[in-house]
Structure formats: C-alpha cells, structure tokens
Amino acid sequence: MFPVQLSRVPAALAVVALAAAAAGCSGGGGTAAQSANVSRAAPAHAASVYTAAQLRSALLTSVNGVRPVAPATAGPYGALPGVTATKRSLSGVKITPAKCANAAGTGLSSGKFSQVPATVVTFRFAAVGASEVLLAPPSSMLTAALSHQIPAGCSRYRATIAGKTYTYRIRQGRAPKLGDAATELNVRATGASTANIWTVIYRSRGLVGAVTLIGPRATKAAVEALTRLAYQHAQKSLA
C-alpha cells in the first residue's frame, strides 16, 4: 500500500503500480486541486479517534525478528515522506488508457485523506519489501477508505515510464475477515522489469490499516498472514 522500493524493482515501476493504494494521489489535478482537497479535509484531524502518535505506537515493531528499515514516521497522511515521493514519481508517467490512471488504488487515493492522522513503517525481507500504514479518518470517511473499485476496462492497462512500456494487471478480491470490512488488491507489472504487489486494507473502530508486500516472491498468503498479525497488534495496542 505504500511505496517500498527494492533494488530489484525500479522505483518508478513500483510507484505506478502502487500509486493510489500507497498515498493520497488523486490521479489527476494540479497544485490547486490538491490544495482544495487538503482544505476540505482539514476538519478530519479534529474528528479522528486517534492521534498520529497513538497510531505510531500501534505499528508492528518487528516481524519474525526483523526490525524496520527506518524509524516509523507519523503525521498528516498527505505529508508522510512516502506519500510525497509517490506524487513526485508519477510526474511524466503516461497511462494508457488514461481513465486507468487510478485503477490500482483504494479509497485512500482520494485527496480528502490528506490531513487524516497517519503513520507508516517499512520492512525488508530478502527480495520482498513490506509496509504497514495506519490512519484514523473521522467516522464519515471510514467507509470511503475501502470504496474504490477498478474502473471498467482497467483490469489491464499500460504505463510508459522513461520511454519503456509496462503492462499492468489488477485483481481485486476477497480479503481475510478483519474488523468491519477488508479488501485485497494484487497488481502485477511486466515489461523490461517486473513487480508483484499485494495489498490488504481493512477498517475497524475508527482505524484504517493497510499492509503491502512488493517483490518477486510476494504472495497472497504472506500478505494475509502479515495483515492478520498487524491487525491483532494494532487492536491490542489501541484497546
């Protein structure tokens, strides 16, 4: 769900596949549009159940003895370093057909989540990168976090990055039973390089969580197992 960059996966390739799932990218609009979204979202912080600091304390601190690659970051969702990096990386990428620019996203790709308290941590397991994101949207936005659907005709699309063309295949399917609702997304990119990305996103009691795996050995079973672990830890920490 968050751009985890591995040496075997070109950053731009991974970012396109993760664009909407990873961070508040609307898939269109310039600075003025983004500013408008941030302005509309401003009240979200006051209505959130948890602060960004509380969310950070609920993140996984190790997985099978593996520690995060860097300290967790917390703050407004739209200001997290990985979110801003994703926006920059999308510059100059051409999606065909254009209507599929946001196909790989979740409801979190909407700019209205920009000011929502959030936190993120990343891990690396050999050839697989992993991330956990936690957000605390106001109750009025919780359902929207999982509302994204793949546009008709966009289960496959092409992206041209630095003169190289890649084909993306997207599948949205049933996720593990977690909290109030959950959804699962798989994005596979093929071309000069390949990327395989699995994301599970859930919502529960004022919390939205998302876990993403990216890498040639990322699997459905692995992302579901890690999401269950992350969900149980977050629920216990925030109880």
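**Exercise 1. Getting an overview**

What does the accessible surface of the protein come to, and what percentage belongs to carbon and sulfur atoms? Then describe the make-up of the chain.

*Solution.* Keep in mind that this is a predicted model.
- Step 1: The accessible surface comes to about 10300 Å², and carbon and sulfur atoms account for 52% of that area.
- Step 2: Next, look for the secondary structure: the protein has 7 helices and 9 strands.
- Step 3: Turn to burial. Of the 239 residues, 52% count as buried.
- Step 4: Finally, take the contacts with a separation of 6 or more: 69% of them join residues 24 or more positions apart.

**Exercise 2. Strand β8 and its neighbours**

Which strands pair with β8, and over how many bridges? Why can β8 be called largely enclosed?

*Solution.* 
- Step 1: Begin with β7 (residues 181-190). This strand pairs with β8 in the antiparallel sense over 9 bridges, and the two form a hairpin with 4 residues between them. Look for arginine 188, which stands opposite asparagine 196 of β8.
- Step 2: Move to β9 (residues 207-214), which runs antiparallel to β8 and is joined to it by 8 bridges. Here isoleucine 201 faces alanine 210 as its opposite residue in β9.
- Step 3: Inspect the turn. The hairpin of β8 and β9 has 2 residues between the strands, and arginine 205 takes a positive phi near 50° there.
- Step 4: Sort the side chains of β8. Ala195, Ile197, Thr199, Ile201 and Arg203 point one way, while Asn196, Trp198, Val200, Tyr202 and Ser204 point the other way; all are buried.
- Step 5: Draw the conclusion. Because 10 of the 10 residues of β8 (residues 195-204) are buried, the strand is largely enclosed by the rest of the structure.
- Step 6: Serine 204 lies in β8 and is buried, with a relative accessible area of 5%. Leaving out residues up to four places away in sequence, serine 204 touches Gly179, Asp180, Tyr231 and Gln235.

**Exercise 3. Aromatic pairs**

How many aromatic pairs are there? Which of two described pairs is stacked and which is edge-to-face?

*Solution.* 
- Step 1: The count comes to 3 aromatic pairs.
- Step 2: Take phenylalanine 123 and phenylalanine 125. Their rings are 6.0 Å apart centre to centre with 15° between the planes, and the pair is stacked.
- Step 3: Compare their burial. Phenylalanine 123 is buried at a relative accessible area of 3%, whereas phenylalanine 125 is partly exposed at 24%.
- Step 4: Now take tyrosine 202 and tyrosine 231, an edge-to-face pair with 5.1 Å centre to centre and 90° between the planes.
- Step 5: Tyrosine 202 sits in β8 and tyrosine 231 in helix α7 (residues 220-238), 29 residues apart, so the pair links distant parts of the chain. Both tyrosines are buried.

**Exercise 4. The largest nonpolar core**

Which residues of the largest nonpolar core touch the most other members, and which element gives the largest share?

*Solution.* 
- Step 1: The core has 27 residues, of which Leu55, Leu134, Tyr202, Leu207, Leu213 and Leu226 touch the most other members.
- Step 2: List the contributors: β3, β4 (128-135), β8, β9 and α7 each give two or more residues.
- Step 3: The largest share, 6 residues, comes from α7.
- Step 4: Not counting residues up to four places away in sequence, leucine 226 touches Leu60, Val63, Ala130, Val211 and Leu213.
- Step 5: For context, nonpolar side chains tend to be buried together in soluble globular proteins.

How values were computed:
Residues numbered from 1 in each chain as written. Predicted model: local features only at pLDDT ≥ 70, side-chain atom pairs only at ≥ 80, totals over all residues. Heavy atoms only, no water. Buried < 20%, exposed > 50% of the residue type's maximum accessible area, 1.4 Å probe, protein only. Pairing = 2+ DSSP bridges. Phe/Tyr/Trp six-rings, centres within 6.5 Å; stacked < 30°, edge-to-face > 60°. Core = buried A, V, L, I, M, F, W, Y, C linked by side-chain atoms within 4.5 Å. Contact = heavy atoms within 4.5 Å. Areas by Shrake-Rupley, 256 points an atom, 1.4 Å probe, with all protein chains shown as cover.
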